[in-house]
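Got your viewer open and your selection tool ready? Let's take a short walk through this model, one stop at a time.

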Amino acid sequence: MSSLKSIAKHPSICLIDSSTTLRELRQIHAHLLLSGLLNEPQVSGQFVAAIALRSPGNIEYSSRVLDRCENPTLFSLNSMIRVHSKSPTPQKSFHFYNRIRRCGLSPDNYTFNFLVRACAQLLVRGVGESVHGALMRHGFESDPHVQSGLINMYAEMGSLESCRRVFGGILDHDVVCQTAMLSASAKYGDIAFAEQLFDKMPKRDTVAWNAMIAGYAQCGESRQALNLFHEMQLEGVKVNEPSMVPVLSACTQLGTLDQGRWAHAYIEKNRLRMTLTLGTALIDMYAKCGDMDKAMEVFWGMKERNVYTWSSAMNGLAMNGAGKECLELFSLMKKDGVLPNEVTFVSVLRGCSVVGLVEDGYKHFASMTDMYGIQPELEHYGCMVDLYGRAGHLNEALNFINDMPVEPHAGAWGALLNACKIHKNMEIGELASRKMLELEAKSHGAYVLLSNIYAENKSWEGVSHVRRVMKSRGVKKLPGCSVVEVDGEVHEFFVGDNSHQMYNEIKVMLGEIFRRLRLSGYMANTNPVLFDIEEEEKENALSLHSEKIATAFGLIRLKKDVPIRIVKNLRICWDCHDFMKMVSRTFDRDIIVRDNNRFHHFKGGACSCRDYW
């Protein structure tokens, strides 16, 4: 033991850290050889471990040193397993595990803890289950570190049921195991169980709070995510970079720019490190809340950018109608030496679509495989159909679908169906709707789009048929909902909503809006209304659309120099689109609407989508 103490304090070994160069390692190695210390297994083990753990950039050197050891220690072999479990080559951990067995050594709890971590990296279920079986045979299934590691491993593999089995077999759940199970449950949508665990935890660390907030954000429970974050602050829990990513995600989902700005200010005030993940989340938040100037300010202010940072900025530009700027940024990204990935090309194709660059879009699509070896995924095919369809090339879009090397998905048929609505093509629209409903029989969107196509063509018999089919199949149209944020408070409005506390003022404002718009020549576009009723009744139905109510509320509550930002759960209809354009001109107000497809920035009677949507 005294020898081990002297070795641990040996100045040469203590000098090794992440900045140690290969030349310096060789000098230390030579010194230990000449002094005869490396003949002792414990010394050589300490030397190997120090190189592997403190200087992972020289991991191959530590491996060569270990190869020359006749009697390697369990500590040195565990160190190699550990460092590889966190490296891009986790599979190499098993080479050193096999060496433990060949040397006649008995693996300990650290061995299996690191092996389980390697399995979580590999994401190969059979290998993970084999390690699970091996650690049980060696009697380590009750080790708390191994237990929490197993839960994390099965969570990474997407098997919540296996997580539950491991958790259910633990007699005494410590905070680490509870947090691991909480994270797994929240990640895969079992929010109810995650809440139970969270509420029962006697002590919650930052990881537990972050996992619960992230779970709410991932499941679309954005308000709960923000409320829990505020509760976390009141509890005095330390907030770190991972805490802020789901908070920004929640702001993004709600479209609450004010709260997103507050989160950004909080990051700066508390001097949280601007990691790649956090910076990308900020860009995404500002972009999806319609403030592309701020999104690009964050982008250009980042010291380091990866492919996801570039892709997020490009996607934001495309969503906000700046297709040419999106493609310019793509060129800059390539000049910067960053290779595009699958996510990048979704943004590129969307950029081409919003400005109608069909030929450019096809060239970029072809370059995926020709230049970068990226196989197009379903989303890329859907983008190409959207590109052809929006440009009015409906036959080309249909041919593209028929020529797809994979089975066409609902997204591709949905893009074609929407294009048919834009260009009023009933024949291809009927085909696209039928194909889409074969894949998603309960998709209310397909029925509504087809019904709108019939209505545009005055085919009331077709409209009635769609309504009968929807009723017989139990398909209900999702009610339109629009959200407006005022002074950090979120206000929701539904179609025909009269429940808001300011309903009377909103009703008066709506009357004033329509009075002034009619004087300016506004006539309601009643074609898309699904019912064969009198024109006046159709106008009344359209006047109660949620985005119109939200606009009236915004005119009442927001100052003139503050844009009215609306987030809608469905696509904005043609009449509401025309309505927003005229309101922006008549009332001299900027209105930004984010529907479930893209942004529409209305200013001075024009829209950023250039009516090309």
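Start with helices H8 and H10, which run roughly parallel to each other. This is a predicted model, so keep that in mind at each stop. To see the pair, select residues 109–122 for H8 and residues 144–156 for H10; their axes come within 8 Å and cross at roughly 10°. Angles under 35 degrees count as roughly parallel, which is why the pair gets that label.

Next, show the side chains between the two helices. On the H8 side, pick Asn-109, Asn-113, Val-116, Cys-119 and Ala-120; they meet His-145, Val-146, Gly-149, Leu-150, Met-153 and Glu-156 of H10. Colour them by class and you get six nonpolar, four polar and one charged residues.

Which residues touch the most other members of the largest nonpolar core? Select Leu-182, Met-244 and Leu-416, out of 129 residues in that core. Then highlight helix H26 (residues 410–423), which supplies the largest share of this core with eight residues.

Zoom in on Met-244. Leaving aside residues up to four places away in sequence, Met-244 touches Phe-229, Val-239, Ala-263, Tyr-266, Ile-267, Leu-272 and Leu-278. Then jump to a second, separate core of 32 residues, with Val-486, Ile-549, Ala-550 and Ile-591 among them.

Last stop: helix H24 (residues 378–390), where you will find Arg-390. Is Arg-390 buried or exposed? Arg-390 counts as buried, because its relative accessibility is 3%. Display its side chain together with that of Asp-386, and you can trace a polar contact of 2.6 Å joining the two.

Terms used: Residues numbered from 1 in each chain as written. Predicted model: local features only at pLDDT ≥ 70, side-chain atom pairs only at ≥ 80, totals over all residues. Heavy atoms only, no water. Helix = DSSP H or I, 4+ residues; strand = E, 2+ residues; numbered from the N terminus. Buried < 20%, exposed > 50% of the residue type's maximum accessible area, 1.4 Å probe, protein only. Polar contact = N/O pair within 3.5 Å; in protein donor to acceptor, adjacent residues only side chain to side chain. Core = buried A, V, L, I, M, F, W, Y, C linked by side-chain atoms within 4.5 Å. Contact = heavy atoms within 4.5 Å. Axes fitted to C-alpha atoms, helices over the stretch in contact; angles between N-to-C directions. Parallel < 35°, antiparallel > 145°, perpendicular 65-115°, else oblique. Nonpolar A, V, L, I, M, F, W, Y, C, P; charged D, E, K, R; others polar.
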